[in-house]
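Here are my notes on this one, as promised. Have a look at the model first, then read on.

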Amino acid sequence: FSIAQQTRLGFKETADLYSRIAISTKDYNISQEKLISITNTINKAMIISGGTAESMNSAIIQLGQAFSGNFQSVGQELASIREQTPALCQAIVKGTGMSSQAFKKAAEDGELSAEIIIKALEKQANAIDTDFNKMIKTVGQSMTQMSNSMLEFVGYIDKSTGISTALSESITSMSSSIDSFTKQLKNSNIE
């Protein structure tokens with residue numbers, strides 16, 4: 001939850017990415033702290049890349065799939081990552097010390113691994129942090145944070161009290177009120 005909030009990306013996508021990285025690197029004995037750090041770096045690079053929430057979430061899925069396959073036969077995933085999150089792809093390439101062409105060939109030849117990608121991202125973490133800290137938070141990112149907060153809140157409340165049904169009804173009522181208000185505003189502007 002805290003990584004998603006700090007990096008302004010969706011909780012579910014962040015959790016999925018973390019899980020895929022953890023599963024694909026279990027043989028490398030990578031600490032939970034390092035996994036959290038890598039997930040944080042990836043999310044920040046995605047924000048730097050810009051794009052829509054949907055494109056970033058798609059890139060997270062593609063990257064997660066690449067990690068799951070230990071970066072073997074990942075041409076399609078890397079092309080998607082490069083297209084949707086260029087800053088992330090550039091950071092990985094720069095962190096490996098390869099040229100873009102050499103990186104592409106290494107990917108085609110199956111010479112990449114989750115371990116290589118993680119080391120590349122670790123080398124670029126400070127640069128990514130610096131660039132991320134220069135980014136202005138968008139309204140969409142703020143809405144993502146609010147959505148994450150609501151998921152956390154509802155999960156906690158439901159776990160503690162089981163009142164998610166009442167909360168759901170209240171949210172639906174608020175949504176209906178907003179819809180009615182919006183409709184009234186639209187109608188008043190027409191006249």
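1. Starting with the surface: the protein chain exposes about 11,200 Å², and carbon and sulfur atoms supply 53% of that area. Areas here come from the Shrake-Rupley method with a 1.4 Å probe, and for residues only the protein chains shown count as cover.

2. Some ground rules. This is a predicted model, where local features need pLDDT of at least 70 and side-chain atom pairs count only at pLDDT 80 or more, while totals for chains, interfaces and linings use all residues. Residues are numbered from 1 along each chain as its sequence is written, and side-chain values use heavy atoms, with hydrogens and water left out.

3. Overall layout: the protein chain has 10 helices and 0 strands. Both are DSSP runs numbered from the N terminus (helices are H or I, at least four residues; strands are E, at least two). Along its principal axes, the C-alpha trace spans about 60 × 45 × 30 Å.

4. Of the 191 residues in the protein chain, 38% are buried. Buried means under 20% relative accessible area, exposed means over 50%, and partly exposed is in between (1.4 Å probe, protein chains only). Among contacts between residues at least 6 apart in sequence, 70% join residues at least 24 apart; a contact is heavy atoms within 4.5 Å.

5. How do H3 and H8 cross? The axes of H3 (residues 32-49) and H8 (residues 114-133) come within 9 Å and cross at roughly 50°. Axes are lines fitted to C-alpha atoms, for helices over the stretch in contact, with angles from 0 to 180 degrees between N-to-C directions. H3 and H8 are therefore oblique to each other: under 35 degrees would count as roughly parallel, over 145 as roughly antiparallel, 65 to 115 as roughly perpendicular, and the rest is oblique.

6. Residues making that contact include Ile38, Ile42 and Ala45 of H3, and Leu121, Ala125 and Ile128 of H8. The contact residues divide into 10 nonpolar, 1 polar and 5 charged. Nonpolar covers Ala, Val, Leu, Ile, Met, Phe, Trp, Tyr, Cys and Pro; charged covers Asp, Glu, Lys and Arg; the others, Gly among them, are polar.

7. H6 (residues 86-96) is mostly covered, with 8 of its 11 residues buried, among them Leu88, Ile92 and Val93. After H6 comes glycine 97, with a positive phi near 80°.

8. Last one: glutamate 152 sits in H9 (residues 139-161) and is partly exposed, at 40% relative accessible area. The C-alpha atoms of glutamate 152 and alanine 4 are separated by 11 Å, though these residues are 148 apart along the chain.
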